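The stops below go from the whole chain to single residues.

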Amino acid sequence: MERYQIIKEVGNGTFGNVWRALNKQTGEVVAIKKMKKKNYSWEECINLREVKSLRRMNHPNIVKLKEVVRENDILYFVFEYMECNLYQLMKDRAKLFSESQVRNWCFQVFQGLAYMNRQGYFHRDFKPENLLVSKDIIKVADFGLALEINSQPPYTEYVSTRWYRAPEILLKSPIYGPAVDMWAMGAIMAELFSLRPLFPGTSEADEIYKICSVIGTPTKRDWAQGLELASAINYQLPQIAGVDLALLVPSASENAISLIRSLCSWDPCKRPTAIDALQHPFFHSCFYVPPSLRAKAAVAKSPPSACMRGVQRKHDMNYQDATRNDKTLQGSVNQQPKYRPPGRNVPSALCEGLFLYFSSSTYFWISNDEEMRF
């Protein structure tokens, strides 16, 4: 660690302290996370969830782990430095964010989520504090609770901060998947619009009450498995009708409300995947068609090309793999049509050129193989 000069402490969490530091050799500013728990072997270090997952991640919307250092049985993670987190941007802010700002951030986060799922992981601890921001760029951070999609259940029930915890976790389901991150993103998205948490429960029971107060108590048709989970722990769901989400988030557009509502569905099987979310009408303005393709796109009438269909099938399969062994979850749910975003019907010319996302001076190619920033 002699290569680094500590500038100041910027964070203190359950698992470690975070410092802003300077690489003396390169002059680069980095973030160093010092883990509180001692690690007595290198094998123990590389098997930590955060290390195992981030070693497989290389995406512009996922924070980059640059180096892992072990000195005197103490572990240090060296990350790229980001200016602040989303919570810090929202805290004590008087003026609401514009819808374009919310759209820009959420679109990037869903890109990171889609990539993460394709790499075989879901995060499990989505909250504003774990979304880091520098200028117009936002990145997912803190993979300490990340889990492989194909890992064997039962899973830990206590994950994620309570306000962003999915109902299947609150009701002690031993099996869950990437849909828990989608629920959290719905709550975060609503909070970005209103600057107030959507489900600010003071306990697990109060959290469920807050959820019912907003989206209404689930019926058997809404989520049969959830009612079984509640019965299994002798919990009586409060009977509440819920409210119109547009009244709670008045600054959000109709498309934004539609996406939040689908993300915060009781049944995890009815929530959109990250790829689904990216194709929602709320994000249509994020897709840029290069001038050379605009004429073709205007007249194209053929169905979407295989490039986009392949992405969707791959992510659907990832989610199915995560829940295939959960006979109780799938067996008792009334089968309803899966959420299919209108954005699916995209002219083939767009897929031939791939989707190019434009935000300020940053461009992202989105394909079924990789996301690249240049």
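Predicted model: local features only at pLDDT ≥ 70, side-chain atom pairs only at ≥ 80, totals over all residues.

Residues are numbered from 1 along each chain as its sequence is written, and side-chain values use heavy atoms, with hydrogens and water left out.

Select the protein chain. It holds 15 helices and 14 strands (DSSP runs numbered from the N terminus: H or I of at least four residues for helices, E of at least two for strands). Of its 374 residues, 53% are buried, buried being under 20% relative accessible area with a 1.4 Å probe, protein chains only. Contacts are heavy atoms within 4.5 Å; of those between residues at least 6 apart in sequence, 68% join residues at least 24 apart.

Next, select the open sheet of five strands, which runs β1-β2-β3-β5-β4 with antiparallel pairing (a pair needs at least two DSSP bridges). Its edge strands, β1 (4-12) and β4 (65-71), each pair on one side only.

Zoom in on β4 and β5 (residues 74-80), which are joined in the antiparallel sense by six bridges. Here Glu67 stands opposite Val78 in β5.

Now select Cys84, which is buried at a relative accessible area of 18%. Then go to Cys264, also buried, with a value of 5%. A search of the whole structure for disulfides (cysteine sulfur atoms within 2.5 Å of each other) returns zero.

How values were computed. Buried < 20%, exposed > 50% of the residue type's maximum accessible area, 1.4 Å probe, protein only.
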